[in-house]
Amino acid sequence: MIIKTVNFVKSAVKSSQYPEYDFPEIAFAGRSNVGKSSLINTLIQRKDMVKTSSKPGCTQLINFFLINEILSFVDLPGFGYARVSKKIRAQWQPMVEYYLSLRQNLLGLILLIDIRRNPEKEEFEMVDWLEAHKMPYLVVLTKSDKLSKAKQVKRLLSICSQLEREKNGVILFSSKTRKGRDVILEEIENLTGTCDD
Ligand SMILES: Nc1nc2c(ncn2[C@@H]2O[C@H](COP(=O)(O)OP(=O)(O)OP(=O)(O)O)[C@@H](O)[C@H]2O)c(=O)[nH]1
Ligand SMILES: [Mg+2]
């Protein structure tokens with residue numbers, strides 16, 4: 001898939017604020033600071049279309065982007081960041097849960113996991129939810145540039161076995177080197193049936 005145009009559509013907290021279009025939609029989810037916004041920037045080849053930060057908790061709203069005027073990407077607020085206040089955390093969880101359960105045009109989800117961390121309760125819960133709802137998903141291991149090639153493979157196999165997932169459903173990625181970008185775009189194209197011509 002070649003990305004020709006990218007438009008930021010809007011930010012939303014509740015369902016009445018979601019864009020009304022029904023283009024196929026792909027959501028990006030994962031722990032805070034895992035690299036969701038950086039992954040989207042890498043896919044769309046814009047340095048800072050989506051705001052990123054070294055401090056966790058950067059994305060606090062659901063952000064919608066329209067790709068090639070036919071496909072929607074959604075940057076979700078990250079889960080599992082302990083340092084935000086209880087009140088904010090209490091708002092985030094339902095925000096993401098409502099989105100996942102309400103959004104009719106959601107076709108698939110990309111679950112990001114830092115290659116150096118093992119999946120925890122939140123990731124297992126997300127996978128259980130996706131399986132229960134038969135929602136197609138891809139697991140992307142981010143920040144692979146932080147490890148040697150040999151370690152990357154070791155971590156890939158370990159995370160696959162923890163998630164009981166086949167190797168080809170888990171992708172090594174780095175927003176620094178852009179490793180994995182083409183594979184992810186191909187998977188999105190397969191899932192949504194969108195292409196550039
Ligand atoms: N080395 C390396 N750093 C990365 C990579 N991806 C993201 N980062 C860094 O990790 C930090 C967090 O990245 P973001 O993309 O803002 O993470 P996020 O998941 O959107 O975070 P929240 O919006 O807080 O949920 C930033 O400092 C990024 O530069 C990567 O592939 N390699
Ligand atoms: Mg973000």
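The following legends describe close-up views of a predicted model.

Local features are given only at pLDDT of at least 70 and side-chain atom pairs only at pLDDT 80 or more, whereas totals for chains, interfaces and linings use all residues. Residues are numbered from 1 along each chain as its sequence is written, chains are lettered from A and ligands numbered from 1 in the order in which they are written, and side-chain values use heavy atoms, with hydrogens and water left out.

**View 1. The open sheet of seven strands.** The strands follow the order S1-S3-S4-S2-S5-S6-S7 with mixed pairing; helices (H or I, at least four residues) and strands (E, at least two) are DSSP runs numbered from the N terminus, and two strands pair if DSSP finds at least two bridges between them. S1 and strand S7 (170-172) each have a single partner strand and stand at the edges, so one side of each has no neighbour in the sheet. On average, neighbouring strands are turned by 25° against each other, direction ignored. Axes are lines fitted to C-alpha atoms, for helices over the stretch in contact, and angles run from 0 to 180 degrees between N-to-C directions.

View 2. Six bridges join S5 and strand S6 (residues 137-142) in the parallel sense, and Ile 113 stands opposite Leu 141 in S6. Helix H3 (residues 121-132) lies across S2, S5 and S6 and runs at about 160° to S5. Helix H4 (residues 149-163) lies across S5, S6 and S7, at about 160° to S7.

View 3. In helix H1 (residues 36-44), eight of the nine residues are buried, that is, under 20% relative accessible area (1.4 Å probe, protein chains only). Among these buried residues are Leu 39, Ile 40 and Leu 43. The elements against which the buried residues of H1 pack include strand S2 (25-30), strand S5 (106-114) and helix H5 (181-192); contact means heavy atoms within 4.5 Å. Just after H1, Gln 45 takes a positive phi of about 55°.

**View 4. Asn 68 in the loop between S3 and S4.** Asn 68 lies in this loop and is buried, with a relative accessible area of 15%. Beyond its neighbours within four places in sequence, Asn 68 contacts Ile 2, Ile 3, Lys 4 and Thr 5. Its C-alpha atom is separated by 10.0 Å from that of Met 1, 67 residues apart along the chain.

**View 5. Thr 142 in strand S6.** Thr 142 belongs to strand S6 and is buried at 2% relative accessibility. Residues up to four places away in sequence aside, Thr 142 touches Val 34, Leu 112, Ile 113, Asp 114, Ile 115 and Phe 173.

Conventions:
Buried < 20%, exposed > 50% of the residue type's maximum accessible area, 1.4 Å probe, protein only.
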